Amino acid sequence: MNSSNCIGISTMKPCCRILSSCKGSSFFGKCNHLVIDNLSKPHSKSDDIHRVSNYANRVIGVRRVIDSNRSAFYGSDSNWRQSRILLGFRLNRETRLDSVVVNVASDVRNHSTSIEAQVNEKSFEKFYIQGGLNVKPLIIERIESGKDVAKVEEEEVRTDINDGSAVNVKHADTYLNGECVSESPHERELSEVEKEAWNLLRGAVVNYCGFPVGTVAANDPADKQPLNYDQVFIRDFVPSALAFLLKGEGEIVKKFLLHTLQLQSWEKTVDCYSPGEGLMPASFKVRTEPLDGRSGEFEDVLDPDFGESAIGRVAPVDSGLWWIILLRAYGRITGDYTLQERVDVQTGISLILNLCLSDGFDMFPTLLVTDGSCMIDRRMGIHGHPLEIQALFYSALRSSREILTINDSTKSLVAAINNRLSALSFHMREYYWLDRKKINEIYRYKTEEYSTDAINKFNIYPDQIPSWLVDWVPEIGGYLIGNLQPAHMDFRFFTLGNIWTIISSLGSHEQNESILNLIEDKWDDLMGQMPLKICYPALEHEEWRIITGSDPKNTPWSYHNGGSWPTLLWQFTLACIKMGRPELAKRAVDLAEKRLSADHWPEYYDTRHGRFIGKQARLSQTWTIAGYLTSKMLLENPGMASKLFWNEDYELLENCVCALRANGRRKCSRFAARSQVGL
């Protein structure tokens, strides 16, 4: 039996039939919601085909009919093949494809996904798609029946084959700003370790309806209980995406961004309660399910997880932030800015920002989140205002300011972004920064100060200073603490947050230099035999029992509690290149390179100096592999790093929104803000 694909076009009113058969209490359950974007546009002679693709900004639904003897799911180890995309209803000999396409295009025009603004005088404008985001998908289907079916010219794709695995990449994506990237005759010969890493990365690719949409978290064939490691995580895919982008293979990233966007705002619930609109899933899984009553027919289904299945049932705060950051990286590396200009993409960005920038009870410009909402996805005492979230939040805000189309509908949103950037930058630099001078200041704090001019604004008690800290911070180094709340400072060093402080210029130039100085000075503690420690020091003894809840996976110097994570290499490399110190990154990469392949690319390492493979670490961990490859490519071509980091914006602090007020109440010091940028 021949295979065929059908595209379903989502509009605001039915013009065919809805592929939805929700049964039971589970939102997804039997719901056959399928997601596909309009990227797979065949090079057809018919202009109408392109016209439909251009109008279908939010396209949902793919069905294929396959031979029962053939694998229903195109696995990552199968050869990727060219596909024919067929548009239209079931056709007979008298029916012309042209008329079907025109009717569909007309219907899409009548019910377009235009953005409208709904003004709220208490906040910035709300953005939404007319008719709502959770409109049921409509399916326009056709089963291939022979010569009488109107044909569409096959899409021309380039296939990079490597031991039976490959990534579909259009020719256009092999060029960056007009220059060929992936086929350069001067490209150096890859080492055996790099070749192995690329084979493993390509082997981890997940296909959806015949096209690559991401990479699984881990792909160890010996693992009989993969849990959720066989899913595509937004956070985990970022280093994979950058590796493919730097290799000149942008199609998989483009499809990933659009497919995850289609999953945004699904009303998954825990105990009858739904999270806020705009939430991005932590991960998704591609499932192949048989069609009811149709022997030999199957469909690919994207099943997202918004936290309702996660450890602790915590919704991911960082997924939407990573998605925006990756969207910016895609445009800057490929030079293809049409993706971020799409109506649905612009709407998706706005929904994420609305969720993050909404007014609440909090007095601080930082994001208030619960434990387990980021890379540290278990109870580790990071609830409140953890550094990692603030650094990613700042990066996503700066990305959004570059990407958002400014018009009457977005003016209020852009103003809210600028205000938050100014306040967040000042807050983090002023109150999260810690060096020997600041420690001595805290040591002499007076408490119970009640006024707007208080020095000890958060009522921090000097006895909170831990004994290990006094002798650990070097004379020439410093860092941003892990958390700040009333009467509480988390003095632990969190690597990811401090690295992104450098990458995004959340810290001043002097602070960024000091962070790298501290890492170099404390190399044995933070790098050891396998870089990099996720945090330092580990929680031990009674502190571990109380804060982690006696978590057997987060025992001292393991997993999130002081474990070593090789995936952090690419971010450290990016930070070092930005600050003009690539030798530090090369030293770390060389250190990891000695063991990663021999140890089968573990997820993390245990012990104080990272000597042993983690006791529950997965092997063939994809973001370990991708982090290594991305680091190698950035070091080889440092110029590409400039497309991924942010330079200092000297207007942010100057425009601090909480400067002197007319009533004389000093919220923060404009002079202090000016001094941070040397004005």
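## Basis of the model

The structure is predicted: local features need pLDDT of at least 70, side-chain atom pairs count only at pLDDT 80 or more, and totals for chains, interfaces and linings use all residues. Residues are numbered from 1 along each chain as its sequence is written, and side-chain values use heavy atoms, with hydrogens and water left out.

## Overall make-up

The protein has 21 helices and 24 strands. Helices (H or I, at least four residues) and strands (E, at least two) are DSSP runs, numbered from the N terminus.

Of the 679 residues in the protein, 59% are buried. Buried means under 20% relative accessible area, exposed means over 50%, and partly exposed lies in between (1.4 Å probe, protein chains only). Among the contacts with a separation of 6 or more, 74% are between residues 24 or more positions apart. Contact means heavy atoms within 4.5 Å.

## Helix 3 and helix 4

Helix 3 covers residues 192-203 and helix 4 covers residues 234-246; their axes come within 12 Å and cross at roughly 115 degrees. The axes are lines fitted to C-alpha atoms, for helices over the stretch in contact, and angles run from 0 to 180 degrees between N-to-C directions.

Helix 3 contributes Trp198, Leu201 and Arg202 to the contact, and helix 4 contributes Ser240, Ala243 and Phe244. By type, the residues of this contact are four nonpolar, one polar and one charged. Ala, Val, Leu, Ile, Met, Phe, Trp, Tyr, Cys and Pro count as nonpolar, Asp, Glu, Lys and Arg as charged, and the others, Gly among them, as polar.

## Strand 15 and strand 16

Strand 15 (residues 283-290) runs antiparallel to strand 16, and eight bridges join them. Two strands pair if DSSP finds at least two bridges between them. Arg287 stands opposite Val301 in strand 16. The hairpin of strand 15 and strand 16 has six residues between the strands, and Gly293 takes a positive phi near 75 degrees there.

Strand 16 (residues 297-305) is largely enclosed by the rest of the structure, because eight of its nine residues are buried.

## Salt bridges

Side chains of opposite charge can pair when their charged atoms come close. A salt bridge is a side-chain nitrogen of Lys or Arg within 4 Å of a carboxyl oxygen of Asp or Glu. The structure holds 28 salt bridges.

One of them joins Glu636 and Arg188, with the closest N and O atoms 3.0 Å apart. Glu636 lies in helix 19 (residues 622-636) and Arg188 in the loop between strand 11 (179-180) and helix 3, so the pair ties together parts that are 448 residues apart in sequence. Glu636 is partly exposed at 43% relative accessible area, and Arg188 is partly exposed at 31%. Arg188 and Glu636 are also linked with Glu194 in a network of salt bridges.

## Two further pairs

Asp344 forms a salt bridge with Arg342, the closest N and O atoms being 2.7 Å apart. Asp344 is buried, with a relative accessible area of 0%, and Arg342 also counts as buried, at 13%.

Lys586 and Asp590 meet in a salt bridge at 2.9 Å, N to O. The two residues are four apart in helix 18 (residues 582-593), so about one helical turn separates Lys586 from Asp590. Lys586 is partly exposed at 46% relative accessibility, and Asp590 is partly exposed at 29% relative accessible area.
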